[in-house]
Amino acid sequence: MKNCAIILAGGEGTRMKSSKPKAMAEILFRPMIDRVMDAALGAGVEDICVVTGYRADILDEHLKGRAETVHQAERLGTGHAVMQAADFIKEHSGVNVLILNGDAPFIDSKTIADALEYHTANRFVQTVISAKIDNPFGYGRIVRDKNESFKAIVEEASADCKTKKIKEINSGAMWFDCDTLTELLGLLTNDNSKGEYYITDTVSIALGKGLKVGAFAADNADAVLGANTRIQLAELNELLRKKVMTELMTEGVSVPCSDGVMIDDDAEIGADTVILPGTIIKHGCKIGKNCVIGPNTVLFDTTVGDNCTLNSVQAESAVIHDNASIGPFAHLRPGAEIGESSHCGNFTEVKNSKIGHHTSVSHLTYVGDSDVGNGVNFGCGCVTVNFNGKNKNRCVIGDDAFIGCNTNLIAPVTVGDRAFTAAGSTVTDDVPADALAIARERQTNKEGWVTDKKPYRPKKY
Ligand code: UD1
Ligand code: CA
């Protein structure tokens, strides 16, 4: 059986003053719990059990299909939280379990894997991941004896002046042998100033029983940082934001002014791409080489090819191929795919539609639920009328078609290759290839009508 993990996420985050569980607070737009889960999965952990408490419904929904959850009805401390997963621990008898805090989002797969190696190589029953940090206030301190041997973890609330000076802290992440953990949980008490069951007390209990316990100091001290307040959350956000930009710049991406630039650490961005102010690149984005992204562009789960320009664009679950130019002020919604060298200009919206290469959707146009060919030109103000109040229908537009200004294509409708629609047409029937569709009232002029009726008196000017 593979090693498993328990993530503690029952806390209300009283200090966050939020109506959501603390683990749902976001660092660079991704909930802390997701970052912690990714770190565990990346280290080869397979089964994950999340301890929920405050607003468990939110976490149950968020984690559906990805992790099992157990509910901690009362928050009686981190040790009590782990006790709720007693069955999960017993099911994993014979392997190791990793305990993680849902509010420590920088823990990384390498630190977890290195700590496991240290844990197994030394045959420890418990290995705590620690780090030395400049401001240890609020963390549990790693207490060592004269020989540097690990003795105990002492929480801030229980620490005396000397202990408070210790800079080596408990990250909250720790490996246990499952069977030993079951035994240690049975020995935990809440005999401390807060009346809580501390998981950290397992260290002194195990040592008291003559068991071997280790503290693994992480190379990456940031890996241990946790967020209990919105101020700490903002600090972690800023730390990761700067780190990501530094890494990207090292790889050849330009960020000439980082004002308002926030890029998720999972973003892949090619060399010579320039990221301009006000650009937010969220989870799941891949951007090619030599692009200009921004200013004021927000991307989520979106792939962008090489040599693309995105100016004031909002895109979600979209794909943009090489040499495309999008914006200013364009909205690509889920399922939008923009072909090579195509253009979506100002005030255009594309949803669940595939647009071919060398196609131009320049101004004030909505393309929804449609398949658009190559070399198509949309005039200004065109609409694919995809929703009839009940159902969504598709439009199909062939290669090199020319959709005149202010055309409404009432879906389902097909416009053939090279076909034209006259400006102002409301097209309800298919248009054959090479045809011109005119679907509008013929104009009549009433001579002298204004002189007779005097319908309008303009202001004097
Ligand atoms: C904890 C550790 C501390 C460590 C720090 C690292 C204990 C007693 N202290 O302190 O040594 O330095 O993390 O960030 O373990 N939780 C529950 N149920 C509870 C209580 C907490 O699920 O009853 C969850 C919280 O949601 C959180 C995690 O456990 O994700 C840690 O709890 P928190 O109260 O934040 O502990 P800290 O005071 O930060
Ligand atoms: Ca915490």
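In this predicted model, strand β19 (residues 303-304) is joined by 2 bridges to strand β22 (residues 319-320), and the two run parallel. These two strands belong to an open sheet of 9 strands with parallel pairing.

**The open sheet of 9 strands**

- The strands of this open sheet follow the order β13-β16-β19-β22-β25-β28-β31-β34-β37, and their pairing is parallel.
- At the edges stand β13 (268-269) and β37 (413-415), each of which has a single partner strand, so that one side of each is left without a neighbour in the sheet.
- As a general point, the strands of a sheet pair through backbone hydrogen bonds, and they may do so in either a parallel or an antiparallel way.

- Strand β24 (residues 330-332) runs parallel to strand β27 (residues 348-351), and 3 bridges join the two.
- In this pairing, Ala330 finds its bridge partner in Thr348 of β27.
- Strand β27 is also joined by 3 bridges to strand β30 (residues 366-368), again with the two strands running parallel.
- Here the bridge partner of Val350 is Val367, which lies in β30.

- The shell around ligand 1 divides by class into 7 nonpolar, 12 polar and 4 charged residues.
- Among the 23 residues around ligand 1, those that come nearest are Gly10, Gly11, Gln72, Thr78 and Asn170.
- An oxygen atom of ligand 1 lies 2.7 Å from a backbone N or O atom of Gly10, while for Gly140 a backbone N or O atom lies 2.9 Å from an oxygen atom of the ligand.
- For Gly102, a polar backbone atom is 3.4 Å from an oxygen atom of ligand 1.
- Taken on its own, ligand 1 has 750 Å² of accessible area, and the protein covers 89% of that area.

Notes:
Residues numbered from 1 in each chain as written. Chains lettered and ligands numbered in written order. Predicted model: local features only at pLDDT ≥ 70, side-chain atom pairs only at ≥ 80, totals over all residues. Heavy atoms only, no water. Pairing = 2+ DSSP bridges. Helix = DSSP H or I, 4+ residues; strand = E, 2+ residues; numbered from the N terminus. Near = heavy atom within 4 Å. Polar contact = N/O pair within 3.5 Å; in protein donor to acceptor, adjacent residues only side chain to side chain. Areas by Shrake-Rupley, 256 points an atom, 1.4 Å probe, with all protein chains shown as cover. Nonpolar A, V, L, I, M, F, W, Y, C, P; charged D, E, K, R; others polar.
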